[in-house]
Amino acid sequence: MSEMNEASVQSVVHTPGPWVVRKRNPPSHGYLFGFHIGNSEQRTTVCEVVNEHDAKLIAAAPDLLAACMNIAKSMEDTQIYEPELAILRSVIRKAFGEQV
């Protein structure tokens, strides 16, 4: 992450994972069904969505971000994977709200 703005990466705080998906019962916002994504330990709501597939992808976000950051860090000292590393860095910047 040497090319990324370290201050912005460290200043952004999201709801700690792991996030879990729960089916809303009864559904909210007038939908016929819905899914709640939140932190299981703190009972914090991250969001609610209608589509179950979206809910599962959103719930995986903290784990995906951590994996991308770990892989990017391990690839920093090699030139072989520079195109892939650039993609990872772009995705990480996007996750922290930076324009890509």
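## Strands and pairing

G38 stands opposite T45 in β3. Strand β2 covers residues 35-39 and pairs with β3 in the antiparallel sense, over five bridges. Two strands pair if DSSP finds at least two bridges between them. Strands (E, at least two residues) and helices (H or I, at least four) are DSSP runs, numbered from the N terminus.

The sheet is open and has three strands, in the order β1-β2-β3, with antiparallel pairing. β1 (19-23) and β3 (44-49) stand at the edges. Each has a single partner strand, so one side of each is left without a neighbour in the sheet. From one strand to the next, the twist averages 25°.

## About the model

This is a predicted model: local features need pLDDT of at least 70, side-chain atom pairs count only at pLDDT 80 or more, and totals for chains, interfaces and linings use all residues. Residues are numbered from 1 along each chain as its sequence is written, and side-chain values use heavy atoms, with hydrogens and water left out.

## H36 in the sheet

H36 lies in strand β2. Is H36 buried or exposed? H36 is buried, with a relative accessible area of 12%. Buried means under 20% relative accessible area, exposed over 50%, and partly exposed in between (1.4 Å probe, protein chains only).

Beyond its neighbours within four places in sequence, H36 is in contact with several residues, including V20, V21, R22, T44 and T45. Contact means heavy atoms within 4.5 Å.

Helix α2 (residues 52-59) lies across β1, β2 and β3. The helix runs at about 160° to β1. Axes are lines fitted to C-alpha atoms, for helices over the stretch in contact, and angles run from 0 to 180 degrees between N-to-C directions.

N51 sits in the loop between β3 and α2. N51 counts as partly exposed, at 33% relative accessibility. The side chain of N51 reaches the backbone nitrogen of H53 at 2.7 Å. It also reaches the backbone nitrogen of D54, at 3.0 Å. N51 and F35 are 16 residues apart along the chain, and their C-alpha atoms are separated by 7.3 Å.

## Nonpolar cores

The largest nonpolar core has eight residues: L65, C68, A72, M75, L85, L88, I92 and F96. Such a core is a set of buried Ala, Val, Leu, Ile, Met, Phe, Trp, Tyr and Cys residues joined through side-chain atoms within 4.5 Å. α3 (61-75) and α4 (82-95) are the elements that give two or more residues to this core. α3 gives the most, with four.

Technical notes: A polar contact is a pair of N or O atoms within 3.5 Å; within protein, one must be able to donate a hydrogen and the other to accept it, and residues adjacent in sequence count only if both atoms are side-chain atoms.
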